[in-house]
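Please read them alongside the coordinates.

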Amino acid sequence: MSDEPNLDDFFPPRASLDKTPAAEPLGIVMAGSLSKGLDVKLAGKRLIEGLAVGRYVVIHGQGQQFFCMINDVALDNTNPLVEKSPPDMSNPILDRIHRGATVFGRVHVAPMLVLDGDTPKPVKTVPSHFAEVYDATEEDINRVFGQADEEHFWVGAPLDMEETKIHLNVPRLVERSIGVFGKSGTGKSFLTRILLTGVIKQRAAVNLIFDMHNDYGWEIRTEQRESVKGLKQLFGGQVAVATLDDESSRRRGVRPDFVITLGYDEIEPEDIAMLRQTMDLSDRMIDAAYLLRRIWGKGWIRRLLHADGEEIEMISGTTSIHASTLPALSSRLGRFRRFDFLKEETTDKPVEKILEYLEAGKSIVLEFGRYGNALEAYILVANYLTRRIHDQYVRRMEQALGDRSQEPRPLLITIEEAHKFLDPQIARQTIFGIIARELRKYNVTLLVVDQRPSGIDEEVMSQIGTRITALLDNERDIQAVLTGVSGAGGLREVLARLDTQQQALIMGHAVPMPVVVQVRPWDAKLYAIEGTAGDESLTLMADRASRTLYGDEGFEGFN
Amino acid sequence: MSESMLAIPVGRVLRANVTNYVIGCRAHKEQLPAFGSLVKTDANDPVFGLVYDIVMSDDPLIKQLTVAGNRVPEEIIQDQLQNRRLPVEISVLAVGYYLGGRMRQGIPPRPPLSLDFIFRCDDDELTAFTERSDHLSLLLGNREIPADELLVAHLQQAAAARPSPTDEYFLQDAGGELARLLAVDMLRLDGILRRITSEKK
Ligand SMILES: Nc1ncnc2c1ncn2[C@@H]1O[C@H](COP(=O)(O)OP(=O)(O)O)[C@@H](O)[C@H]1O
Ligand SMILES: [Mg+2]
């Protein structure tokens with residue numbers, strides 16, 4: 001437009017300027033190996049207390065830059081005698097002379113990736129002696145984890161770099177099953193909600209969330225008794241809330257999109273078999289269930305619960321079932337009477353309804369309400385629905401014959417207390433074990449949330465592509481989440497030293513290297529950025545619009 | 001050190017080799033350089049050195065006078081003090097030199113010549129010379145001289161020549177270099193460091 005000289009012609013592009021490190025090195029490489037990691041001697045001025053495990057540093061080698069993670073911090077000296085008879089450190093000058101010269105910090109770093117060009121590459125060598133080590137910059141982090149775009153979703157910040165964002169590659173995340181682990185109260189539910197936000201926002205998959213403690217849908221209570229928003233409030237019509245306990249949902253101000261009831265007649269012995277441990281069912285009882293189903297047909301549970309002594313005696317007499325087995329089974333299944341969502345008669349077709357929503361690209365949060373505290377209800381319903389939905393997915397995938405446009409949408413199923421479903425004794429038969437093992441063959445993957453990962457079958461664990469774990473303090477749990485992870489030794493230290501809340505180690509398929517994040521806060525700022533409907537009125541509008549589009553058929557809540 | 005003192009030479013070179021030289025001078029107390037001071041020859045390419053010994057020799061007359069008690073007339077004593085015939089001998093360790101217009105540290109390529117004038121260095125020269133600390137290893141390794149004492153005196157003077165707070169930075173850097181050089185001998189290091197930092201003048 002003007003004849004003004006273009007300044008860019010006279011100055012080199014900024015990127016090349018940025019390459020020259022302005023910051024002072026934090027230290028130099030002293031020793032090490034590719035397999036065991038590198039020892040870095042800290043510069044005297046550098047406070048060792050400022051270097052936490054899990055932080056990133058970049059080693060400037062001669063030709064390439066090595067992106068590394070700190071996994072140990074130690075004190076070292078040039079002469080061990082100095083530790084036996086310490087110098088007079090009360091003299092400030094002496095103190096400064098000795099720090100860095102006779103005593104110094106040593107950090108152990110694991111080289112994770114080589115930054116060379118656009119895509120980070122695996123490390124195959126080490127930098128030479130005395131290579132300079134720098135704090136990783138925001139630019140370095142972005143080169144490794146990617147920038148915000150339609151694939152990458154911001155999940156948190158690296159340690160001590162609050163302003164820097166770590167992004168997950170969401171399509172990769174849902175490509176394999178995901179595990180979110182951590183002790184109770186470490187922020188698993190919050191973290192899971194953030195991941196789901198990414199998945200819904202980027203439309204990487206539709207979700208079916210078995211929401212045990214009302215943590216996902218609407219107005220979630222924090223430990224501090226504050227109320228935060230749920231997915232439905234963020235995404236409006238893109239998310240539907242279903243409930244097993246309409247009363248509880250309404251009490252919490254939720255207007256569920258539909259209520260789910262199951263008929264006794266629909267429950268198969270396979271659904272009962274999953275409850276073996278939870279309901280303390282013996283093998284004989286399970287066998288009996290299969291037999292009753294064969295003799296009595298669909299109404300077997302109802303009939304067993306109503307059967308009198310005579311009838312039971314008759315069955316025991318005419319079959320191989322032991323006399324004491326049927327009363328025991330009957331009393332166990334009698335606990336189902338407490339579950340009002342189980343109906344003698346129902347015309348509800350919950351599986352079809354759920355599939356309809358999923359097909360329309362809407363994610364479903366299934367609230368358990370008061371039944372969230374009854375583990376058998378949770379396991380029964382999650383198994384019941386998942387088995388049937390999975391069957392449909394298998395059928396449709398097979399019908400599609402590899403034609404992508406005919407395939408059902410990728411589905412991500414979220415379950416909590418996952419070890420109850422994926423216990424080594426049952427993982428082989430349960431639907432969840434099957435889904436985890438068949439990878440993405442039928443477009444269904446799992447998001448398992450658990451506080452006791454050591455209870456999960458090892459083979460299933462090895463199929464969990466991305467593991468996200470908050471603090472764990474049980475050695476067996478730590479070992480379980482690290483099985484099959486290379487360089488696990490260093491990560492163990494990192495894992496055992498996470499904060500008690502809102503910090504997590506992410507490793508596996510969705511990240512180029514393991515990363516510790518300060519999980520981003522779930523707050524008004526997040527609603528505004530990520531939600532399609534940041535404020536209430538928009539949510540309601542979107543809701544209304546979706547009802548107009550899809551009809552009110554799923555909307556039984558007001559009756 | 002004041003300007004006027006600087007112009008006055010300390011004395012002249014009596015004898016020299018590349019590592020040491022000895023200056024002869026008159027026994028004026030004010031004129032005598034202190035242990036640890038930096039001195040230089042007057043040549044175009046001066047040789048720098050640190051004073052590590054000051055020797056007063058005797059002669060038969062002095063011997064007699066020391067035992068004569070207070071029977072010696074005051075004039076004779078005064079005459080001896082003012083006009084001594086025997087020089088005070090000052091030993092200097094060569095620690096640097098000028099070559100090609102640059103100050104360098106280490107043993108000079110050639111010793112100073114006999115009868116070369118020797119001057120004290122002023123604060124600016126002392127500061128400039130101690131910008132680098134490569135000469136410290138020369139001192140530490142020398143077993144013929146009281147090396148540690150010399151080192152302490154020298155570093156304290158070099159620090160005193162600097163304005164605060166650069167004097168402290170100087171001591172830190174020099175201390176760091178000593179720590180590197182004496183990593184194997186913690187006790188010696190500790191002794192030296194304590195003294196350069198606590199006896200700061
Ligand atoms: N990302 C986060 N943003 C805001 N608060 C969080 C976050 N993560 C955890 N918290 C706080 O920690 C508490 C426990 O988190 P929660 O997800 O319920 O733990 P868990 O599911 O592991 O038992 C929450 O109630 C909340 O106060
Ligand atoms: Mg939770």
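1. Among contacts in chain A between residues at least 6 apart in sequence, what percentage join residues at least 24 apart? The figure is 72%. Note that this is a predicted model.

2. On overall dimensions, the C-alpha atoms of chain A fill a box of roughly 95 × 70 × 50 Å along the principal axes. Of the 559 residues in chain A, 55% are buried. The accessible surface of the chain is about 25,300 Å², and carbon and sulfur atoms account for 50% of that surface.

3. Chain A contains 23 helices and 23 strands. An open sheet of mixed pairing is built from 12 strands of chain A, in the order β9-β8-β23-β22-β21-β10-β20-β19-β11-β18-β14-β15. Its edges are β9 (166-169) and β15 (258-259) of chain A, each of which pairs on one side only.

4. Within this sheet, β11 (residues 206-211) and β18 (residues 363-367) of chain A run parallel and are joined by four bridges. A:L208 has A:I364 of β18(A) as its bridge partner. Helix α16 (residues 375-400) of chain A lies across β11, β18, β19 (411-416) and β20 (444-450) of chain A, at about 160 degrees to β11(A).

5. In helix α14 (residues 325-333) of chain A, the buried residues are A:T325, A:L326, A:L329, A:S330, A:R332 and A:L333. Viewed down the axis of α14(A), these buried residues fall within an arc of 160 degrees, so they line one face of the helix. They pack against α10 (269-273), α11 (283-296), α12 (300-306) and α13 (309-318) of chain A.

Notes. Residues numbered from 1 in each chain as written. Chains lettered and ligands numbered in written order. Predicted model: local features only at pLDDT ≥ 70, side-chain atom pairs only at ≥ 80, totals over all residues. Heavy atoms only, no water. Pairing = 2+ DSSP bridges. Helix = DSSP H or I, 4+ residues; strand = E, 2+ residues; numbered from the N terminus. Contact = heavy atoms within 4.5 Å. Axes fitted to C-alpha atoms, helices over the stretch in contact; angles between N-to-C directions. Buried < 20%, exposed > 50% of the residue type's maximum accessible area, 1.4 Å probe, protein only. Arc of directions from axis to C-beta. Areas by Shrake-Rupley, 256 points an atom, 1.4 Å probe, with all protein chains shown as cover.
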